Structure formats: structure tokens, C-alpha cells
Amino acid sequence: MNRRTASKLLVLLPVAACAHRRTAVSAPAGPAFDAGPVEDYPPSSAVRFRIRGVIVVRDQIGVMAVSAICTHEGCVVSLQSDSLVCECHHSVFTMEGDVIQGPATRPLPHFKVTLLGTRIYVDPGQVVPATDRLIV
Ligand code: FES
């Protein structure tokens, strides 16, 4: 790496650090996928991405991405009107991924959500605290 390349990296690092803000200007790093335009997520809505194993939820605070893989034995979780239900042994989770009914005992993990322009990106490779929300 020459000096010119190094200075470019130094300029780009602050941009990458701000990727969670609404003003992100480049695609998120990692295996993030495009979950669609933010207007597809009105308050109190949710969309399941079965192949990705993710459910994107917008509550009254903001947008979050919850794993659609049950913490009991790894089956897929279905989206119901106000809960998430495992298709195998019928554990029930809140829309935030907290356990309501077992046999699962652990909550569903949350993944990083980023807004790029007007589109929501979810990175299933980055687990974040359950309190994290993308404010839109
Ligand atoms: S795999 Fe979900 S309850 Fe068993």
C-alpha cells in the first residue's frame, strides 16, 4: 500500500463508520441484502424473507431485523398477525423475538439494519442488541 492509497482509506473509514445513519452513501459491507424500500414498512408491519432466514419488523420505534430461525432446534419461524410461531414444535415469540411459549428458551437474535438512500438493507452476519432500531 502506497501513501496515496493509505490516505484514501483514511478518508473512507469515517464514511463506513456512519453506515448506520440515514445518510449512508455506499452499499453496506458484508452479506447484507436489500429488503426493499422503507415505504414498504409502515408502523406495525413485518415481512419475512424465508430464504434469508430473516423477518424485518417495524414497530412504533423503528425498523429491526429478527432471525426467522428458531432457537430451539433451528426450524423456520412463521409470521402471524402479532407473533412469530415455529413451524416444528410451536414455540411462540413476540414480534421482537422474545419467547412467549417454549420449548424454545432463548430469544431470536437481531441483525444489523441499515438505510441506504430509501432502501433497507439487512446484514444477517451482524448480530446486534435487541434494542437496536433503525429510526426512519
Ligand atoms: S425448532 Fe422451534 S420449537 Fe422446536
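Me: How many bridges join β9 to β10?
Reply: Seven bridges join β9 to β10, and the two run antiparallel; strands count as paired if DSSP finds at least two bridges between them. Before going further, please note that this is a predicted model, in which local features need pLDDT of at least 70 and side-chain atom pairs count only at pLDDT 80 or more, while totals for chains, interfaces and linings use all residues. Residues are numbered from 1 along each chain as its sequence is written.

Me: What lies between β9 and β10?
Reply: They form a hairpin with two residues between them, and Gly117 in that turn has a positive phi of about 65°. Across the pair, Leu115 stands opposite Ile120 in β10.

Me: Which other strand does β10 pair with?
Reply: Strand β1 (residues 33–37) pairs with strand β10 (residues 119–128) in the antiparallel sense over four bridges, and Phe33 has Val122 in β10 as its bridge partner.

Me: OK, stepping back, how many helices and strands are in the chain?
Reply: The chain has one helix and 10 strands, where helices (H or I, at least four residues) and strands (E, at least two) are DSSP runs numbered from the N terminus. Read from the N terminus on, the elements run α-β-β-β-β-β-β-β-β-β-β.

Me: And what share of the residues is buried?
Reply: Buried residues make up 28% of the 136 residues in the chain. A residue is called buried if 20 or more other C-beta atoms lie within 10 Å of its own, exposed if 12 or fewer, and partly exposed in between, with the C-beta atoms placed from the backbone.

Me: Why is β4 largely enclosed?
Reply: Five of the five residues of strand β4 (residues 63–67) are buried, so β4 is largely enclosed by the rest of the structure. Both of its faces are covered, with Val63, Ala65 and Ser67 buried on one side and Met64 and Val66 buried on the other.

Me: Which residues stand opposite Val66?
Reply: Ile55 stands opposite Val66, and this belongs to the antiparallel pairing of strand β3 (residues 54–58) with β4 over five bridges. A hairpin of four residues joins β3 to β4.

Me: Switching topic, in what order do the strands of the open sheet come?
Reply: Four strands form that open sheet in the order β5-β6-β7-β8, with antiparallel pairing. The edge strands, each pairing on one side only, are β5 (77–79) and β8 (99–101). Within this sheet, β5 and strand β6 (residues 84–86) pair over three bridges, and Leu79 has Leu84 in β6 as its bridge partner.

Me: Where does Phe93 sit, and is it buried or exposed?
Reply: Phe93 is found in strand β7 (residues 92–93), and it is buried because 25 other C-beta atoms lie within 10 Å.

Me: What does Phe93 touch?
Reply: Leaving out residues up to four places away in sequence, Phe93 touches Val77, Ser83, Leu84, Asp98, Val99, Ile100 and Leu108; two residues are in contact if their C-beta atoms, placed from the backbone, lie within 7 Å. The C-alpha atoms of Phe93 and Ser78, 15 residues apart along the chain, are separated by 10.0 Å.

Me: What share of the chain's contacts is between residues 24 or more positions apart?
Reply: Among the contacts with a separation of 6 or more, such residues account for 45%.
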